[in-house]
Amino acid sequence: MIVQVDGKPVAGRDGQSLAGVLHAAGIVAWRQTRGGAPRGLFCGIGVCFDCLVTVNGEPGVRACQRAAADGDIVVTGES
Ligand code: FES
């Protein structure tokens with residue numbers, strides 16, 4: 001399974017969350033707070049909202065709660 005992350009192909013495994021795909025690719029921070037602090041996977045259970053990404057044009061998706069699907073287009077830093 002391949003997803004596009006900010007225009008770059010990233011390989012994942014079936015059943016992984018998008019956060020899992022990002023972490024497996026070595027991407028551990030993909031957005032920032034208003035103060036510029038890096039954010040990515042934190043709670044992993046859908047509570048903290050630190051892992052937000054835009055997926056297939058849908059903003060504010062929690063990467064830890066979305067199953068990755070082949071062809072997903074993920075944009076970081078927007079949400
Ligand atoms: S890591 Fe906390 S909501 Fe996704």
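## Arg31 and its surroundings

The side chain of Arg31 reaches the backbone oxygen of Asp50 at 3.2 Å, a polar contact (a pair of N or O atoms within 3.5 Å; within protein, one must be able to donate a hydrogen and the other to accept it, and residues adjacent in sequence count only if both atoms are side-chain atoms). The model is a predicted one, in which local features need pLDDT of at least 70 and side-chain atom pairs count only at pLDDT 80 or more, while totals for chains, interfaces and linings use all residues. Residues are numbered from 1 along each chain as its sequence is written, and side-chain values use heavy atoms, with hydrogens and water left out.

Arg31 lies in strand β3. Helices (H or I, at least four residues) and strands (E, at least two) are DSSP runs, numbered from the N terminus. With a relative accessibility of 14%, Arg31 counts as buried; buried means under 20% relative accessible area, exposed over 50%, and partly exposed in between (1.4 Å probe, protein chains only). Beyond its neighbours within four places in sequence, Arg31 is in contact with Ala37, Pro38, Arg39, Phe49, Asp50, Cys51, Leu52, Gly77 and Ser79, where contact means heavy atoms within 4.5 Å. Gly77 is 46 residues from Arg31 in sequence, yet their C-alpha atoms are 4.5 Å apart.

Strands β3 (residues 29-32) and β4 (residues 38-40) pair in the antiparallel sense over three bridges; two strands pair if DSSP finds at least two bridges between them. Arg31 has Arg39 of β4 as its bridge partner. Five residues separate the two strands of this hairpin, and Gly36 in the turn has a positive phi of about 95°.

## Nonpolar core

The largest nonpolar core has 16 residues, of which Val3, Val5, Leu18, Trp30, Val53 and Ala63 touch the most other members. Such a core is a set of buried Ala, Val, Leu, Ile, Met, Phe, Trp, Tyr and Cys residues joined through side-chain atoms within 4.5 Å. At least two residues of this core come from each of β1 (2-5), α1 (18-24) and β5 (52-55). The largest share, four residues, is supplied by α1.

Trp30 has contacts outside its four-place sequence neighbourhood with Ala19, Leu22, His23, Arg39, Gly40, Leu41, Cys51, Leu52, Val53, Ala63, Thr76 and Gly77.

Val74, in strand β7, is buried at a relative accessible area of 2%.

Thr76 belongs to the segment after β7 (73-75). Its side chain makes a polar contact of 2.5 Å with that of Asp6. Not counting residues up to four places away in sequence, Thr76 touches Val5, Asp6, Trp30 and Val53.

## Whole chain

The protein chain has one helix and seven strands, in the order β-β-α-β-β-β-β-β. Its radius of gyration, taken over C-alpha atoms, is 11 Å, close to the 12 Å that the globule rule (2.2 Å times the number of residues to the power 0.38) gives for 79 residues, so the chain is as compact as a globular protein of that length. Along the principal axes, the C-alpha atoms fill a box of roughly 35 × 25 × 25 Å.

Of the 79 residues, 32% count as buried. Among contacts with a separation of 6 or more, 34% join residues 24 or more positions apart.
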